[in-house]
Amino acid sequence: IMNVHSNIVFIEAFYWLIELYNQITNREELTLRAAYLVSSRFSAKTWSLEHFIVLLLIQPNVNIVVNYVRSRGEDILKAMSSIEKLIRQYTNNQVSIKINGQKKEITLNNNKINFIILNEINQKVEKTGGKIGAPIEYDAEYIITFFEEASQLEENLVLNFRQSVRGSNNTQKLFIFASNPWVKQHWLMKKFSRVLPENQEMENELLEKGYNKYFDKDKKELYFRPRYTLNHHVEQSDIKEIEMLKEINYAKWRVVSLGFSGNSEGAIYQAALQRLNENVNYNSKGILVGGIDWGDGKSKNASPTTAYIGTIDISKGVDIFDEYEHWNNRGEYLNTHQQLERICDFFIKWYKKLKRSITAYIDNAALGDFYRTLQEVLRAKGYNETQIEFLPTFKPKNTWERVETLNVMLSLGVFRFDRNVCPGLYNALDNCYEIVKLNPTEEMKRQRSHDWTHWIHAIEYLLGEYFKDFQEQFPILMSSKVSNTIVV
């Protein structure tokens, strides 16, 4: 087993795996209960962790059980094949191993690795709860549970599974979470960024040392963010490709090179959002307009009702003044009439403040003549359509035009809002993702990530007037050459 060190220590920052290896093989108390790894591309975290697992499994004198957890069945099958090859490689086929494809487990010596698919369908539970059963391992001295690509796993499923991992009173447990970066709102990224924030200090340390690391002594938790620069086996061509991104798309470079939150496969707004102009002109003399996206649902997956107000100026662009947001499934429940009153009050506030007429657009696809109902509620409050008028939204025929236009408006600084005044919009733009190919199909353009588009829809409805009246007078905004450099 002397070659153990030479196989792992090739990345010096992974020394803690060797410490764990020594503690387990010497039957010592573990100094670590959980490890969280989020890394850049080519960091070799999965390579190192799989070698670490196999090197433990082939030990004949310690009873070890490993739970290898992923969200998809096809990934589990690939993992089984990879682990089997590593076992045969390290043992030169001199150790008898048993593979149970039905149970998805591999056993050798007295040790075992369980390959577990963790998703709602496989576990037959709802998002709101349910028991997830890990095998009870009474004879195990150590149980290591490895959540690979943890960003693909539901938080409640992970928590329930973690609680179900059981052995005897003397069994020691270790939980390892490994993942590529994902959006800031994901449970793993939230937990990770609380101790390793994505700030300039962390970026400087990554560029200098090649990793960020934090150890919580009280909880015995390690947080580790390694870069590809630690991996001596990375091809120079791959390094060149990664570093070229810094000038082409800085937002994507932060994900791929530093391991910061985001989606390296293509954010339809995030790159343009890096150029956000927050100098809102509240005295703009442009047309005063609003946009409303209705979300009256009570279910846990219902969307919020959102509304925006701002101005559109032919020569100076768009300034967003304010944001309204209400979740009917979070806290205060409002019936339809109460929601309508709140929306009217939102626009009345700005009418009284600016003393200018407002035109507000609402999506009418599923609401019939809902805009007329809004107008009736407004009249009951003592206002008429010459002051505030609600109309059905104008939409361009090509949905993708809205995406391209908003991207370029952000990039050119002609779409302005303050992220502190409109936090819902900022988060939505920062987290609305779509895999964008060079020649996207119409179906792909239509199928946009719906989790973050309710705020953006309200903005698009507000911009309807812009599309209808000003597109031809500002042709650069619809230039495919410009937009293709933004939509990545």
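Is F177 buried or exposed? At 2% relative accessibility, F177 counts as buried (under 20% relative accessible area, against over 50% for exposed and partly exposed in between; 1.4 Å probe, protein chains only). The model is predicted, so local features need pLDDT of at least 70 and side-chain atom pairs count only at pLDDT 80 or more, while totals for chains, interfaces and linings use all residues. Residues are numbered from 1 along each chain as its sequence is written, and side-chain values use heavy atoms, without hydrogens and water.

The structure holds 19 aromatic pairs. Rings of Phe, Tyr and Trp (its six-membered ring) pair if their centres lie within 6.5 Å; planes under 30 degrees apart count as stacked, over 60 as edge-to-face and the rest as tilted. Y68 and F146 form an edge-to-face pair, because their planes stand at 75 degrees, with ring centres 5.1 Å apart. Y68 belongs to strand β2 (residues 64–70) and F146 to strand β6 (residues 142–148), so the pair ties together parts 78 residues apart in sequence. Strands (E, at least two residues) and helices (H or I, at least four) are DSSP runs, numbered from the N terminus. Y68 is buried, at 1% relative accessible area. F146 is buried too, at 1%.

F177 and W187 are also edge-to-face, with planes at 85 degrees and centres 6.3 Å apart. This pair links strand β7 (residues 172–179), which holds F177, to helix α7 (residues 187–195), which holds W187; the two residues are 10 apart. W187 counts as buried at 15% relative accessibility. Ring pairs join F177 and W187 into a cluster with Y36, F147, F161, F192, Y214 and Y223.
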